[in-house]
There are 2 protein chains.
Amino acid sequence: MADLTTTLPLTSESIHKAYSKIQQYVHKTPLLTNKTINSIASSSSSTSPSPKFNIYFKCENYQRIGAFKARGAFHAVTHLIDELGLEGVRKRGVVTHSSGNHAQALALAASSFDIPAHIVMPTISTPSKIAGTRDYTPHVYFSGSTSEEREAVVKQVIQDTGAILVPPYDHPDIMLGQGTTALELQNQYNSLKEDKQQQPKLKVVLAPLGGGGLLSGISIYFSNQPEVYVIGCEPSYQGGNDGERGLKSVPQQRIEKVKTLTIADGLRTPVGELPWKVFTSESSMKSKNLENIYSVTEDEIKQAMKLVLERMKVFIEPSAAVPLAVVLHNQEFRQWAYEKQKEEGVLESGWDIAVVFSGGNTTIDAIVGLFGESQDTERAEGKIGKDGKQVAENVAG
Amino acid sequence: MADLTTTLPLTSESIHKAYSKIQQYVHKTPLLTNKTINSIASSSSSTSPSPKFNIYFKCENYQRIGAFKARGAFHAVTHLIDELGLEGVRKRGVVTHSSGNHAQALALAASSFDIPAHIVMPTISTPSKIAGTRDYTPHVYFSGSTSEEREAVVKQVIQDTGAILVPPYDHPDIMLGQGTTALELQNQYNSLKEDKQQQPKLKVVLAPLGGGGLLSGISIYFSNQPEVYVIGCEPSYQGGNDGERGLKSVPQQRIEKVKTLTIADGLRTPVGELPWKVFTSESSMKSKNLENIYSVTEDEIKQAMKLVLERMKVFIEPSAAVPLAVVLHNQEFRQWAYEKQKEEGVLESGWDIAVVFSGGNTTIDAIVGLFGESQDTERAEGKIGKDGKQVAENVAG
C-alpha cells in the first residue's frame, strides 16, 4: 500500500481530489427515489408518532463489480502508480485477502492497468465469488478462514512476488476513495433539487458500517458541513454492532474482535483503527464527524431488503439493506429524528435524507436460503410426523 | 371503451400522438446495457457459431405500477375523456377484469382523473395483487377464474353502474399506448449513439407476447422502418406459444384458446384478434410487421431471469425475462441472426438489438417458490435416509 506519509490528509478537499482521479474509471451510479417507501417510512405506528422522510437512494449496487469497493480500489491503485510509476507497480503487483467485494474490486482496478493482482480467498468462499475474481485475475490463492491463516498466505505471496498489500478499509487511500460516494451523491441531490427549483437541504446520510471504509469516507466528506448528520448502520445479530457498542461504552473504545454470522455478510468485520479515529474525532467545523450508530435485527434487514426488491425493483445484497432497516425500524433513530424535526418545525415537510445501497452481490440461491427458511419451518411444523416420514414423502415428492 | 370509429389509425404517427397525450403521466423508463450479458449472448457454443449482440434493455419494470400497462391504460382513459368529457367519464366510471398488471394500471389511470374504476379479479388472485389494486380503487369485485365467470361479473357491474369496459389488450387505444414503449426506446437509443458519435442502427426489437397489446404496438411503431425486425417471444410450456404455433401453421391461424400454467404468468393468454391482424398484415413499407415469433422453455426463462437479477441487479418478473431467454437460448433465432449478420458482413461488430423488460411485479415468495424447488430436490437426494429421519432433523434443526 502507498506509504502513509504520501497519502492525502483526511479532509473533504482530499475527496474532491480523489474523485478527479477515479472518475474516469468508476460509474456514476443513479440516485433514486420511491414514493411508496417514503410513505412507509413516514407512517406512524400505533404507539409512536412518526418523523417524515424523503429518501434518496444512492445505488452503489450499480457500481462496477456491483459495489462501492471499486472506488477505493481505483484510488489506491492510481496513488500507487503516482508514487512508484506504472512500471514500478507492474513489476511488483498488488495483493489482498478478501472473500468478498474488495477482492473483485482490486482485481478489476489492477487489471485496468495491466498490474498483476494476487488475491487470497478462504477455501470456503462461494464458487460465484471465486469465479467473479478469476474474471479479472488468474492469481487466486486459497487459505483457511481465520485471519492468521489468511495473513500467512499473504505474507508468503509478498515474499515470493514483492506484491504491495492493499487492505480492504484501514487505509487513507481506500477511505478517501469510498468517500467519493458522498461527493457524487450530494452533487446529484443538488441537481435534482435545482431542476425542481427547490432549496437543497440534505439533513442525514445513512450508510452501512463494517470495517468502516465507506462510512469514514462519507464522514470525512461531510466534516465541513455541520448541518448534515452522518449515521452508521449495523446488524445487531451476535454482537455484529461492534461499532455501536464501542461508541456507547464508557469510555468509548474500539471493539477489536467480532464473531457474527449475520446475513449482512459484508458487515461482519470489526471497525478498523483509522475509520474509528475518524468517527470519534471532531473537525474544525463539526463537533462530531459521525452523529451516531444504530443497529437492526436480522428480520428487520430482511424486511427492508424485501421492500427494495419488490417495490423499487432494485436488486441489493443484505448488507445494503441495513441503513433502510434503521430508517424503518430503529425506534431510537426515529425518535431522535422526530424530536429534531419537531424542534426545527418541519414535521410537515420532513427531512431529505440519503441512504447508501452499498452493493448488490448476492444470488438467487442465497435469497432462497434467506427467505425460504420460514417456508421450510412452516412445512416442518405443519407436516412432520414424529418419525419424520411425512416430510420424507413431502420433500421427495 | 372508446368507440372504434373514433380511435386513431394503427400507424406509427398515431403512436407519436398517443405519446404526446400520455407523456406527462408515465415514467420515461431507463434504457440499460450490460457488458457481461452481451458477452454471454455473443459467445459460441461448442456446436454452433454465434451471432454477436449489443443489447439495449428497455426497463418497463420501472414504469408506474411496475409494468408497461400504465401506458395503454392512460391512453385509453385520456381518449375516453376527449370523447365523453371528463364529467361524462366520471359519471360512468371504467371497468375491467384482470388478475394482473392491467387492473392496477387502469385503477391508477382512472384515479389520476378522479374517475371510479371497477376491477373484477379472480378470487384466487394473490393477496399482494389485490392489495396493490385496492391502493388505487375501493371498487374491487371477485369472480371465479374462468372467462365466463369473470365476464358475468363485468356485465353485472356495467348494468349496475354504466361503467365503460377497458379491455387489457384487444383495442386500438391500448395497442397504441403500449407502442409508445418503442418510440421512447428508439429516441433513447438514438441519443445514446449520438453521444458516442456513432451511427444509430437498431436491427431487432424483441418483446414478450401474451395478449399482444405491447407487441402489436411495437410492430405498428416500426411498420414504417423496414430495416428494423420486430420479434415476439413466448413461453413454450403447455402450448403457451399459441402465437408461434398459429403463425407457423398452414394456413396461418390465430389460436383462440390456451391453457398453460407457465411461470411467465403475464403471457398465459391467447393473442387477441386485433393484435393478430397487425402481426399478420403487411404495411406499405414492410412486407411483415412482425418478423417472427420464437419460444423458450421454463428453465430457459429462469436462467435468463437469474442472469438479470444477479448480473444487472434489476428486478424483473418471469414474463419479462422471456425475450432475453430467446436471445440466449433459442437456436432458431440465433441461427437466423447469424446468417443475416454473415450476409451483411457484420459478424465482427454484431447487431444493436433491444429487449423489452415488460414488468417487475413479482415477489420474493414467488422467487423462493420458483428457484427453491431444485434445492429441495438436492436436499432430498443427498440427505434423506430411507425412513426420512435425517431430513426431519435437518429441517427442524
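A residue is called buried when its relative accessible area is under 20%. By this criterion, 11 of the 12 residues of α13(A) are buried in this predicted model, so the helix is largely enclosed by the rest of the structure. The buried set begins with P318(A), S319(A), A320(A), A321(A) and V322(A) and continues through P323(A), L324(A), A325(A), V326(A), V327(A) and L328(A). Helix α13 of chain A covers residues 318-329, and its first and last C-alpha atoms lie 15 Å apart, close to the 16 Å expected at 1.5 Å a residue.

In chain B, the helix numbered α13 spans residues 322-329, and its packing against helix α14 (residues 331-344) of chain B can be described in some detail. Two packed helices are described by the angle between their axes and the distance between the axes. For α13(B) and α14(B), the angle is about 65° and the axes are 6 Å apart. The crossing of this pair is right-handed. On the α13(B) side, the contact is made by V326(B), V327(B), L328(B) and H329(B), which meet Q331(B), F333(B) and R334(B) of α14(B). Sorted by class, the residues of this contact are four nonpolar, two polar and one charged.

Turning to the sheets, chain A holds an open sheet of six strands with mixed pairing, in the order β1-β2-β10-β7-β8-β9. The edge positions are taken by β1 (31-32) and β9 (292-296) of chain A; each has a single partner strand, so one side of each is left without a neighbour in the sheet. Within the sheet, β7 (residues 202-208) and β8 (residues 229-235) of chain A are parallel partners, joined over five bridges. A207(A) has G232(A) of β8(A) opposite to it. Helix α8 (residues 172-195) of chain A packs on this sheet, where it touches β1, β2 (53-59), β7 and β10 (351-357) of chain A, and its direction makes about 130° with that of β2(A). Another helix, α12 (residues 298-312) of chain A, lies across β1, β2, β8, β9 and β10 of chain A and runs at about 85° to β9(A).

K193(A) is found in helix α8 of chain A. Despite its charged class, K193(A) is buried, with a relative accessible area of 8%. Apart from neighbours within four places in sequence, the contacts of K193(A) are Y56(A), Q198(A), Q199(A), P200(A) and D352(A). A110(A), for its part, belongs to helix α5 (residues 101-112) of chain A. Its relative accessibility is 0%, so A110(A) counts as buried. With neighbours within four places in sequence again left aside, A110(A) is in contact with V77(A), V94(A), I115(A) and A117(A). G211(A) is 101 residues away from A110(A) along the chain, and the C-alpha atoms of these two residues are separated by 22 Å.

Chain B contains an open sheet of four strands, ordered β5-β4-β3-β6, in which the pairing is parallel. Here β5 (140-143) and β6 (164-165) of chain B stand at the edges with a single partner strand each, so that one side of each lacks a neighbour in the sheet. Strand β3 (residues 94-97) of chain B directs V94(B) and T96(B) one way and V95(B) and H97(B) the other way, and all are buried. β3(B) pairs in the parallel sense with β4 (residues 117-122) of chain B over four bridges, and V95(B) has H118(B) of β4(B) as its bridge partner. β4(B) is also joined to β5(B) by four bridges, and these strands run parallel. In that pairing, P122(B) stands opposite S143(B) of β5(B).

α5(B) is mostly covered, with 10 of its 12 residues buried. These are N101(B), H102(B), A103(B), Q104(B), A105(B), L106(B), A107(B), L108(B), A109(B) and A110(B). The cover over the buried residues of α5(B) includes α3 (69-84), β3, β4, α6 (127-134) and α8 (172-195) of chain B. After α5(B) comes D114(B), whose phi is positive, near 55°.

Conventions. Residues numbered from 1 in each chain as written. Chains lettered and ligands numbered in written order. Predicted model: local features only at pLDDT ≥ 70, side-chain atom pairs only at ≥ 80, totals over all residues. Heavy atoms only, no water. Axes fitted to C-alpha atoms, helices over the stretch in contact; angles between N-to-C directions. Helix = DSSP H or I, 4+ residues; strand = E, 2+ residues; numbered from the N terminus. Left-handed = near helix turned anticlockwise from the far one by under 90°. Contact = heavy atoms within 4.5 Å. Expected span 1.5 Å × (residues − 1). Buried < 20%, exposed > 50% of the residue type's maximum accessible area, 1.4 Å probe, protein only. Pairing = 2+ DSSP bridges.
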